[in-house]
Amino acid sequence: MSTSHEESIENSEVSLKDIETEGLSQSQIVRKRFFRHRGAMVSIIFLILIITTVYTALESRVFGVRIPGWWKYTIEDLPELKLGVCDDGLVGCPTLSVVPTFLGGHGVHLGEHPFGQDDIGRDYFALVMRGAQRSLMVTFVIGAIAGVIGTVIGAISGFYRGWIDSVLMRFTDFIITVPTIIIGSVIGFHFGNLGVAFLAFYLGLFGWTGLSRLVRGEFLTLREREFVDAARVAGATNRRIIFKHILPNAVGIIIVSVTLLMSGAILLETALSYLGFGVVAPDVSLGSLISQYQESFTTRPWLFWYPGLFIISIALSINFIGDGLRDAFDPRQRRRITKKDRQNAKVARKALAHK
Amino acid sequence: MEDLGLLAFIMRRIGTLGVILFGSSFLLYNLAALSGDPLGELRISQDPRAKQIMISLTRELQLDVPPPLRYFLWLRGVLGLFVGKLDLGDTRAGESVATAIASAIPTTVRLVFTASILAMVLGISIGIITALRQYSKFDYAMTFVSFLLFSLPIFWVAVLLKQFMAIEFNNWLSAPTISPKALIAIGLVLSLIVSSVGGATGKKNYTIFASVFTGTVFTLWSLQKLNWFLEPGLGPIFYFFACVGIAYGVTQLSVGITNKTALRSSLVMAVAGLILYYPTRKAFTLDKQGLLIVAMAVLTVGLAVITSLVMAKIDRPAIVRTTVIAGFIMGLVRLLDQLMYTWPRFISTDAINYRPVPTVGQANSLLEPGDYWISTLDLLMHLILPTIALTAISFAGYIRFARGTMLEVLNQDYIRTARAKGLPERTVIMRHAFRNTLIPLSTIIVVDFAGIIGGAIITERVFGWKGMGTLFNSAINSFDLNLLMGVFFLTGTLALMANLVADLLYSALDPRIRTGSGA
């Protein structure tokens, strides 16, 4: 028996793996890995920028206190349609310019109407800001509600198994049977006039099914692990085991699928608004803006481009953040081979060759 | 004994499926019925006949019965399924719901079938390539592209497609010249993609890059000089070259180029394709083309089997498989060539008038029926834009999933074993890794297929198709409860059945999973 030999090999492998993570707690490792993911870091800064711009641009009310916005127009203002500024005799075209003068452009400035004006002269920047506010709100509300329900149902059915599991999973099937877009349309059509928050709340009530299945699977495996047995032997209650022992281990998978859920939610709201079941006029969302102005694509394309650009930017950055989180939480992930690693390998090879 | 267990498992699952369908249909019925007034518009109408219509509608749709009870009236009709007379009730227009759905299904299937197949094939192959070239430039580019596609609203894409793929393309076709700038741009993009997929480093990479670039630019330039875009076609010579290429490609992927018998057998098929080139062109002018094409497909497969059986003495199954796949693809290319051959006639018809890519609709009603190839081309042209939109949206998911699964499989011990015992990398990838990647993918595919029957609501609306999505949409807008429930009954049943099939498929494909255990 060469136990000691095997042990030493195992030890060397472990020690190789541990160089990077030595002396760090689980959350520190995750944070370190996440910060290393360039796409996710760019996205998170970008998303924060979008959120601050969008929410400070227009006047808002927080607990009854009026906070004035920094943008000069609101969505109700009706400034005159600007004539003669644009090429091709167009009316109300965007004044935003991002090409500096030394590159042959008009210089970097926002202008009077950076995103142009719509057909009756409303400032399109203000409209897009309001639309983005609504779409972001829908995204986060759906993410939060579906995330909580999905986690709780998945955790309970995965932990207790048996008949509780059967009942909860059949209930999940029951919700899955109804296609989301059908439920969304029925809700949007009949309750759309109650406001966006209400719509988002109801959509969240039906959006948790995929997450709950994932969480259940994770709990089914985790509850068989030694540390759960250890906790149980030490006399921990079920509640303590669920919240203190299993949930922290499943949090990676939960966060990742919630981010995916959120990027899906913004598209769901867009789709519903397009079908006419989402946000109701005079309120606007990014989806309702696009569907309202899709016919004018050939004549005034900016009415179509800007809301689309915002949808894509938001959804794309959420997706990238999710990808970064997945990489950070996945303990099995292979580390990306960097230039430095290649150099080290080269040096090592040379050293070996000289021997 | 085990069969009995499986049977019991299936029966139990079908039983629960019934209960779930009952519950969710009850919920949806009441939700939809209680949240709106089907007579709302008539109540405020000034029309003197409004009252009359209200009375007759109330009687026909049994609106005097409260919804929870009315549900059971509806259910009685549905349960007629078991005695052979399914009754889904009537729509508000007086048509039978079953008829409305039956006429909508073929449209939806036509719309989503090609797109799903394309999305799966493209998505899975790109996903696997990105897994094999993990952390390469290609991998990063594809990750970005798939996230971008994930984030696109489909109707936004649709408007762009209509503008750039249809209107601008049709304009371009009136004088099809590619500017030198565009030529270089296309060449650069293509050669970048190929060289990053190739995964070679250093000098070899530059060689690949340069040759693909010059190849693309030269091909496009000569196609343009030959006026190919208005009168496309392969002709017998290029068809033969294409077949030889297919023979090499399929052999390489399936058994490896070193297997000379398989290669020779596929090359015989290519020669047969060349010999049959003109006879088939003659045959394509006969009547009953649909039947003829099926017969030709059967003949091709038969010929491939016979050829390979004659050529191969050992390792027959693998060689037969290779030859059949190669022969089948060659047949598809032959059909494509025939379509290209029809193209000049097609675009010069009055109905088309040199604007072949339509933005909306299912078929051109102005086109004279009769010519099989022209109407096929018309159908295909109407399919192009929705297919691109649907494929673009859904294949991103397959890329991510296939990549993840493949990476997981490649880390398994049996892959290390396969490599350690000296198998060529191609065999390791195609026989060991690829097949195991397909197990979880197959279950996703089944569920997706069921989902798309009712899922193309937005696409149908953007491109003006009249399928299931349109039915459902109008059902909600006009409070047509029977129609809504009919659509739901079909999509819900399909979704649940697909989940059951996926579970069974999983346990059939993967012996590690037993049906009896777990849910």
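Tutor: Let's start with Val320(B), which sits in helix α14, residues 316-347 of chain B. Keep in mind that this is a predicted model.

Is Val320(B) buried or exposed? The cut-off for buried is 20 or more other C-beta atoms within 10 Å. Val320(B) has 20 of them within 10 Å, so it counts as buried. Now for its partners. If you set aside the neighbours within four places in sequence, Val320(B) is in contact with Val305(B), Ser308(B) and Leu309(B). For a sense of distance, take Ile124(B): 196 residues separate it from Val320(B) in sequence, and the two C-alpha atoms are 25 Å apart in space.

What is phi for Asp315(B)? It's near 55°, a positive value in a residue other than glycine. Asp315(B) has 12 C-beta neighbours inside 10 Å, so it counts as exposed. Another loop to look at is the one between α9 (203-225) and α10 (235-254) of chain B, where you'll find Asn227(B). Phi of Asn227(B) is near 60°, again positive in a residue other than glycine. Asn227(B) is exposed too, because it has 11 C-beta neighbours inside 10 Å.

Now zoom out to the chain that holds these residues. Chain B comes to 20 helices and zero strands. Its C-alpha trace spans about 80 × 65 × 45 Å along the principal axes. Of its 519 residues, 31% are buried, and Val320(B) is one of the buried residues. Look at contacts in chain B between residues at least 6 apart in sequence, and you'll find that 71% join residues at least 24 apart.

Chain B also touches chain A. How many residues does each chain bring to the contact? Chain B brings 34 residues and chain A brings 36. On the chain B side, the elements that give two or more residues are α1 (2-34), α6 (137-150), α7 (154-174), α18 (457-463), α19 (468-477) and α20 (481-509). The biggest giver on that side is α1(B), with eight residues. Sorted by class, the chain B side has 22 nonpolar and twelve polar residues, and no charged ones.

Across that contact is chain A, so let's have a look there. Chain A comes to 13 helices and two strands. Of its 355 residues, 40% are buried. Among contacts in chain A with a separation of 6 or more, residues 24 or more positions apart account for 66%.

In general, two packed helices are described by the angle between their axes and the distance between the axes. For helix α4 (residues 124-160) and helix α5 (residues 162-177) of chain A, the axes come within 7 Å and cross at roughly 145°. The crossing of α4(A) and α5(A) is left-handed. From α4(A), the contact uses Ile153(A), Ile156(A), Ser157(A) and Tyr160(A). From α5(A), it uses Gly162(A), Ile164(A), Asp165(A), Leu168(A), Met169(A) and Thr172(A). By class, that makes six nonpolar, three polar and one charged residues.

Stay with α5(A) for a moment. Its 16 residues should span 22 Å at 1.5 Å a residue, and the end C-alpha atoms are 23 Å apart, which agrees. Its buried residues are Thr172(A), Asp173(A), Phe174(A), Ile175(A), Ile176(A) and Thr177(A).

With 28 residues at 1.5 Å each, α12(A) should span 40 Å, and its end C-alpha atoms are 40 Å apart, which agrees. Most of α12(A) is covered, with 23 of its 28 residues buried.

Finally, a word from the records. An unreviewed UniProt entry lists "transmembrane region" for several stretches of chain A, including residues 39-58 and 303-325. In the model, residues 39-58 of chain A are 95% helix and 0% strand, with the end C-alpha atoms 30 Å apart. Residues 303-325 of chain A are 100% helix and 0% strand, and there the end C-alpha atoms are 34 Å apart.

Conventions. Residues are numbered from 1 along each chain as its sequence is written. Chains are lettered from A and ligands numbered from 1 in the order in which they are written. This is a predicted model: local features need pLDDT of at least 70, side-chain atom pairs count only at pLDDT 80 or more; totals for chains, interfaces and linings use all residues. Two residues are in contact if their C-beta atoms, placed from the backbone, lie within 7 Å. Helices (H or I, at least four residues) and strands (E, at least two) are DSSP runs, numbered from the N terminus. Ala, Val, Leu, Ile, Met, Phe, Trp, Tyr, Cys and Pro count as nonpolar, Asp, Glu, Lys and Arg as charged, and the others, Gly among them, as polar. Axes are lines fitted to C-alpha atoms, for helices over the stretch in contact, and angles run from 0 to 180 degrees between N-to-C directions. A crossing is left-handed if the near helix is turned anticlockwise from the far one by less than a right angle, and right-handed if clockwise. UniProt positions are given in the numbering used here, feature names are shortened, and annotations may be inferred rather than shown by experiment. The expected span of a helix is 1.5 Å times one less than its number of residues.
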